[in-house]
Amino acid sequence: MLLTAGPVRAGVTLEGDTCRQVFDDPRAERIACRTGFRLDAATRARLESSSFGLVSDIACAADLSASRSEVVGRVHAGGDVALPQQEVRCRLVSGGDPLDVRFHLAPVVRIDKKTNRAVDARLGIRDLTGIPEPLATAVAEFLNTEPTLRKSLVQAANEIIPNLPRK
């Protein structure tokens, strides 16, 4: 499901990520890229604990799409930069069995107007399908509140922002 291994960030390893190259290409008006992640051992342990031992791992991939000019305009304006809702596909491990799950992701990155740097992020995960409630809610809550995932999104944004066109 996920492609090749990429940069390791605290808590996650990006896999199959092509978004950086697309954002770095000033000719690409339509951002269409793929990204994915795997959790490190410590984050998997927190997931297992927060799901009462029902989920031991999750790895996800998504094809992202956005308008480059809209994203660039929002970054330069500062404040919140929201990407359109995206569908994410995951392989979740529960009781040793892999399960396919899907959810919607609507990430929001907060940009500091003075420094033009990302300072916070929200993943906006909802509508998780493929597993029963209340487990779906527990997994969505874990992913939305996991600080390493949020930090990874902030770090990725700060790697992309310097290469965006100036105002």
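Strand S10 (residues 125-129) is joined to S7 by 3 bridges, and the two run antiparallel. Within this pairing, His 104 has Arg 126 in S10 as its bridge partner. The model described here is predicted.

S7 (residues 97-105) also pairs with strand S6 (residues 86-94), in the antiparallel sense and over 9 bridges. Val 93 stands opposite Pro 98 of S7. The hairpin of S6 and S7 has 2 residues between its strands, and Gly 95 adopts a positive phi near 60 degrees there.

## The open sheet S5-S8-S9

An open sheet is formed by 3 strands in the order S5-S8-S9, with antiparallel pairing. Its edge strands, S5 (79-82) and S9 (117-122), each pair on one side only. From one strand to the next, the twist averages 30 degrees.

Between S8 (residues 108-112) and S9, the antiparallel pairing extends over 5 bridges. Ile 111 is found opposite Ala 118 in S9.

## Helices on the sheet

Helix H3 (residues 68-77) lies across S5 and S8 and runs at about 165 degrees to S5. Helix H5 (residues 147-160) also packs on the sheet, where it touches S8 and S9. The direction of H5 makes about 145 degrees with that of S9.

## The buried face of H4

Helix H4 (residues 135-145) has as its buried residues Leu 135, Ala 136, Val 139, Ala 140, Phe 142 and Leu 143. Viewed down the axis of H4, these buried residues fall within an arc of 160 degrees, and therefore line one face of the helix. In general, an α-helix has 3.6 residues a turn, so residues three or four places apart point the same way.

Methods. Residues are numbered from 1 along each chain as its sequence is written. This is a predicted model: local features need pLDDT of at least 70, side-chain atom pairs count only at pLDDT 80 or more; totals for chains, interfaces and linings use all residues. Side-chain values use heavy atoms; hydrogens and water are left out. Two strands pair if DSSP finds at least two bridges between them. Helices (H or I, at least four residues) and strands (E, at least two) are DSSP runs, numbered from the N terminus. Axes are lines fitted to C-alpha atoms, for helices over the stretch in contact, and angles run from 0 to 180 degrees between N-to-C directions. Contact means heavy atoms within 4.5 Å. Buried means under 20% relative accessible area, exposed over 50%, partly exposed in between (1.4 Å probe, protein chains only). The arc is that of the directions from the helix axis to the C-beta atoms.
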